[in-house]
Amino acid sequence: METHIKYKTKQRDILIQYLETKKGVHITANDVCEFLKKDGIAIGQATVYRQLERLVDEGVISKYIIDANSPACFEYIGLESHGCAETCFHCKCEKCGKLIHLHCEELNEIGEHLFREHKFKLNSMRTVFYGVCDECQK
């Protein structure tokens, strides 16, 4: 993926610094806004949303839309990755709403089977399994 950084702003740099501390974690735009507000950093909500979308376009973060009832969440991939994220499925707990990354070779095989046998290309970044997480089962 070719990267097109249109604007290198102070807000972008602050946002990337924050995202780097959250590598491997799903966060929402609201999470970012709450952090910035708590730290006394004056960046408006619209600017946060705009910068997140730009970082998605640049391949620095991934955006996940799980369902119509949940806010989009973002995950920092890295400045070096430029959209080369590994295959990742997701599990969403129907009780607490927790979103879990799922890197599983068996699921990759299901995707390969769907393509090979049914000519259907699965989008793992948008595939969500619903159920109950370990904590909620207790």
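**Strand pairs and helix packing**

Biologist: Which residue in E5 does Phe-89 stand opposite?
Modeller: Phe-89 faces Leu-102 there. This is a predicted model, so local features need pLDDT of at least 70 and side-chain atom pairs count only at pLDDT 80 or more, while totals for chains, interfaces and linings use all residues. Residues are numbered from 1 along each chain as its sequence is written, and side-chain values use heavy atoms, leaving out hydrogens and water.

Biologist: How many bridges join E4 to strand E5?
Modeller: 4 bridges, with E4 and E5 (residues 99-102) running antiparallel. Two strands pair if DSSP finds at least two bridges between them. Helices (H or I, at least four residues) and strands (E, at least two) are DSSP runs, numbered from the N terminus.

Biologist: What sits between the strands in that hairpin?
Modeller: 5 residues separate E4 and E5, and Gly-97 in the hairpin has a positive phi near 85°.

Biologist: And E6, parallel or antiparallel to E4?
Modeller: Parallel, with 4 bridges joining E4 to E6 (residues 128-131). Cys-93 has Gly-131 of E6 as its bridge partner.

Biologist: How many of the residues of E4 are buried?
Modeller: 4 of the 5 in E4 (residues 89-93), so mostly covered. Buried means under 20% relative accessible area, exposed over 50%, and partly exposed in between, with a 1.4 Å probe and protein chains only. Across the protein chain, 32% of the 138 residues are buried.

Biologist: How many bridges between E2 and E3?
Modeller: 4, to E3 at residues 73-76. Ile-61 has Tyr-76 in E3 as its bridge partner.

Biologist: Which residues of H2 are buried?
Modeller: In H2 (residues 29-38), Ala-29, Val-32, Cys-33 and Leu-36 are buried. Down the H2 axis these fall within an arc of 95°, so they line one face of the helix. The arc is that of the directions from the helix axis to the C-beta atoms.

Biologist: What covers the buried residues of H2?
Modeller: The cover includes H1 (10-20), E1, H3 and E3. Contact means heavy atoms within 4.5 Å.

Biologist: At what angle do the axes of H1 and H2 cross?
Modeller: Roughly 105°, coming within 11 Å. H1 and H2 are therefore roughly perpendicular. The contact uses Ile-14, Leu-15 and Tyr-18 from H1, and Asp-31, Val-32, Phe-35 and Leu-36 from H2. By class, that contact has 6 nonpolar, no polar and 1 charged. Ala, Val, Leu, Ile, Met, Phe, Trp, Tyr, Cys and Pro count as nonpolar, Asp, Glu, Lys and Arg as charged, and the others, Gly among them, as polar.

Biologist: And how far apart are the axes of H1 and H3?
Modeller: 10 Å, packing at about 70°. H1 and H3 are therefore roughly perpendicular too. Angles under 35 degrees count as roughly parallel, over 145 as roughly antiparallel, 65 to 115 as roughly perpendicular and the rest as oblique.

Technical notes:
Axes fitted to C-alpha atoms, helices over the stretch in contact; angles between N-to-C directions.
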